[in-house]
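I opened my notebook to look up a few residues and write down what sits where. Here is what I had on screen.

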Amino acid sequence: MNHKVPRDPISVRKPPLPGWRKQQRRGPDCRPPAARHVMRFRLASPGRRAPLAMGLGRCALLLPLVLVLVEAASAARSFGIDYANNCFLKDGAPFRYISGSIHYARVPAPSWKDRLLKMYMSGLNAVQVYVPWNYHEPLPGLFNFADDRDLEAFLDLTAQLGLLVILRPGPYICAEWEMGGLPAWLLWKPDIKLRSSDPDFLQAVDSWLDVLLPMIKPRLYHNGGNIISIKVENEYGSYYACDYDYLRHLLAAFRARLGAQVLLFTTDGNKEAALRCGTLQGLYATVDFGPGRNVTAAFAVQRLYEPKGPLVNSEYYTGWLDYWGQPHSSTDPELVASGLQDMLKLGASVNMYMFQGGTNFGYWSGADYKDKYKPVTTSYDYDAPLSEAGDPTPKLFAIRTVIGKFQPLPSGPMPPPTPKHAYGHLPLHRVSPVLRGRGQQPSGACPAPASCFGEMHELSSPCS
């Protein structure tokens with residue numbers, strides 16, 4: 001589904017890519033204004049017939065009944081925070097989620113169901129999902145939600161499998177993803193200040209949210225969907241700007257497009273300095289940390305900013321990313337399982353980052369700048385419970401055993417590992433060096449290595 005949205009870009013518009021087209025609208029468009037921004041394309045399945053047209057009178061008779069049924073269903077559904085009892089409430093009952101992160105952009109669409117089913121069979125009741133802005137808007141006003149980018153199809157699968165969703169739409173997501181999910185065309189304006197209240201940046205963010213959030217709103221839990229919470233920005237307290245006006249703008253933007261009922265939250269490293277600039281009244285503050293920590297002490301930092309409410313570790317690290325030139329990262333399965341058990345004993349809600357890492361296809365892998373430039377490998381295996389190929393690992397079964405101590409596990413066998421094939425030898429031929437020498441960069445890159453690396457530092461430094 002390719003979409004082109006008319007708006008004023010922050011810089012000169014480039015021509016659309018070959019094969020991208022705009023839908024020809026026929027007849028009046030009766031959709032809400034926000035929905036008109038996105039024009040969707042679907043091919044009819046062979047043999048599928050179009051629904052019969054209904055007379056206006058019949059529609060008029062059915063519409064009140066439909067509205068009553070929808071309102072009744074929605075009224076019975078709610079998700080929020082019980083501050084008195086330090087827990088989430090789902091439909092009025094205490095609730096704790098045990099979740100895992102999966103990135104649909106790092107898994108081919110035909111494999112989505114397999115990975116999600118394995119997560120469900122591991123005992124998870126939720127998944128946490130990033131939405132990379134640059135993956136869907138490669139040029140200003142040109143949107144792609146087709147095939148591997150079909151976010152709605154992915155969310156449909158989560159609902160079919162009975163998994164709740166914690167959605168992280170950014171606009172900055174980190175995730176060791178190219179430019180943290182921010183589109184490169186933002187840099188066409190040389191003096192733009194990313195992740196700030198810079199009017200040019202906010203204009204681009206608002207235009208993106210005008211497209212994305214109308215897709216999300218019907219899928220919110222209280223609207224009958226399975227999205228229980230939305231994360232705003234990403235570890236903003238680790239970014240140098242500390243721009244509260246930016247956070248206030250995002251809070252208002254999400255509320256205006258999603259309503260007052262949805263639970264909005266932030267997450268930051270469990271250091272007081274990180275939460276100082278990463279939190280804002282109206283956004284529930286959570287923390288992230290890995291295994292090997294005293295969990296009571298780690299959650300004490302969250303309690304400085306949220307004295308009441310559920311304890312939440314939004315990124316419990318099951319492994320770690322890999323950088324080019326360094327050994328593959330690994331974390332002991334028993335250490336990960338033990339830390340999870342300690343948190344669940346406290347009644348905390350936990351999201352495991354990652355539960356399935358996947359692959360950085362194309363040039364989507366990001367980089368960190370920690371004293372030096374550290375590019376991330378094509379593999380995003382992360383030493384996760386599900387391997388890059390989607391295979392259950394001993395870490396998955398150790399985690400599953402812990403989860404089974406706190407809530408019932410689904411019945412039935414774990415789906416098998418993915419089939420493997422031998423493709424023979426594939427010769428590789430040298431084409432060109434990426435860097436011609438120390439301190440040099442390919443033609444077309446930014447003017448000097450220092451400015452390139454400084455820019456990457458600005459974008460990547462929040463990633464822990």
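**Entry: Ser-99**

I reminded myself that I am working with a predicted model. I started with Ser-99 and found it in strand S5, which covers residues 98-102.

Is Ser-99 buried or exposed? I looked up its relative accessible area and got 0%. Buried means under 20%, so Ser-99 goes down as buried.

Next I checked what the Ser-99 side chain reaches, and I found the backbone nitrogen of Gln-128 at 3.4 Å. Then I listed the contacts of Ser-99, leaving aside its neighbours within four places in sequence. Gln-128 turned up there again, and the list also includes Leu-124, Ala-126, Val-127 and Ile-166. Val-350, Asn-351 and Met-352 are on it too.

I picked the one between Arg-219 and Glu-152, where the closest N and O atoms are 3.5 Å apart. Arg-219 is in the loop between helix H6 (199-216) and strand S9 (227-231), while Glu-152 belongs to helix H5 (residues 151-160), so this pair ties together parts that are 67 residues apart in sequence. I wrote both Arg-219 and Glu-152 down as buried.

Arg-219 also meets the side chain of Asp-156 in a salt bridge, at 2.6 Å from N to O. Here too distant parts of the chain are linked: Asp-156 is in helix H5, Arg-219 is in the loop between H6 and S9, and they are 63 residues apart.

Asp-156 has 34% relative accessibility, so I call it partly exposed. Arg-219 has 17%, which is under the 20% cut-off, so it counts as buried.

**Entry: Asp-200 and Lys-189**

My next salt bridge joins Asp-200 and Lys-189, with the closest N and O atoms 3.3 Å apart. Asp-200 lies in helix H6, and Lys-189 lies in the loop between strand S8 (164-168) and H6, 11 residues apart.

Asp-200 comes out at 21%, so it is partly exposed. Lys-189 is partly exposed too, at 24%.

Definitions and conventions: Residues numbered from 1 in each chain as written. Predicted model: local features only at pLDDT ≥ 70, side-chain atom pairs only at ≥ 80, totals over all residues. Heavy atoms only, no water. Helix = DSSP H or I, 4+ residues; strand = E, 2+ residues; numbered from the N terminus. Buried < 20%, exposed > 50% of the residue type's maximum accessible area, 1.4 Å probe, protein only. Polar contact = N/O pair within 3.5 Å; in protein donor to acceptor, adjacent residues only side chain to side chain. Contact = heavy atoms within 4.5 Å. Salt bridge = Lys/Arg side-chain N within 4 Å of Asp/Glu carboxyl O.
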